[in-house]
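Subject: Handover of a structure and its salt bridges

Dear colleague,

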Amino acid sequence: MEEKNAVIIEPANDKEFGTSLLNSRNWDRIVITDANGKKVAEIDGETATPATGYLVKMYPNFD
């Protein structure tokens with residue numbers, strides 16, 4: 001799948017994007033890649049799909 005209009009944010013609290021990485025109003029999906037560009041995981045509003053041998057850990061907000 002060809003990636004279009006990908007944005008790399010560093011640090012994750014970049015003010016240009018509303019100071020929160022976990023904001024579905026800003027993002028369609030998050031794709032995690034290794035240093036060689038191989039997809040390790042993809043996370044969207046419905047699913048979190050890791051590559052074989054990887055885990056996706058999600059932590060609840062207790063605020």
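E42 and K39 form a salt bridge in which the closest N and O atoms are 2.7 Å apart, a salt bridge being a side-chain nitrogen of Lys or Arg within 4 Å of a carboxyl oxygen of Asp or Glu. Please keep in mind that this is a predicted model, in which local features need pLDDT of at least 70 and side-chain atom pairs count only at pLDDT 80 or more, while totals for chains, interfaces and linings use all residues. Residues are numbered from 1 along each chain as its sequence is written, and side-chain values use heavy atoms, with hydrogens and water left out.

E42 also forms a salt bridge with R29, where the closest N and O atoms are 3.4 Å apart. Because E42 lies in strand β2 (residues 39–44) and R29 in strand β1 (residues 29–33), this pair ties together parts that are 13 residues apart in sequence; strands here are DSSP runs of E with at least two residues, numbered from the N terminus.

R29 in turn meets the side chain of D28 in a salt bridge, at 3.0 Å from N to O. By the rule above, the count comes to 3 salt bridges, and D28, R29, K39 and E42 are linked by them in a network.

As for accessibility, E42 is buried, with a relative accessible area of 17%, whereas D28 is exposed at 61%. R29, at 28%, is partly exposed, and K39 counts as partly exposed at 41%. Here buried means under 20% relative accessible area, exposed over 50%, and partly exposed in between, using a 1.4 Å probe and protein chains only.

Technical notes:
Helix = DSSP H or I, 4+ residues; strand = E, 2+ residues; numbered from the N terminus.
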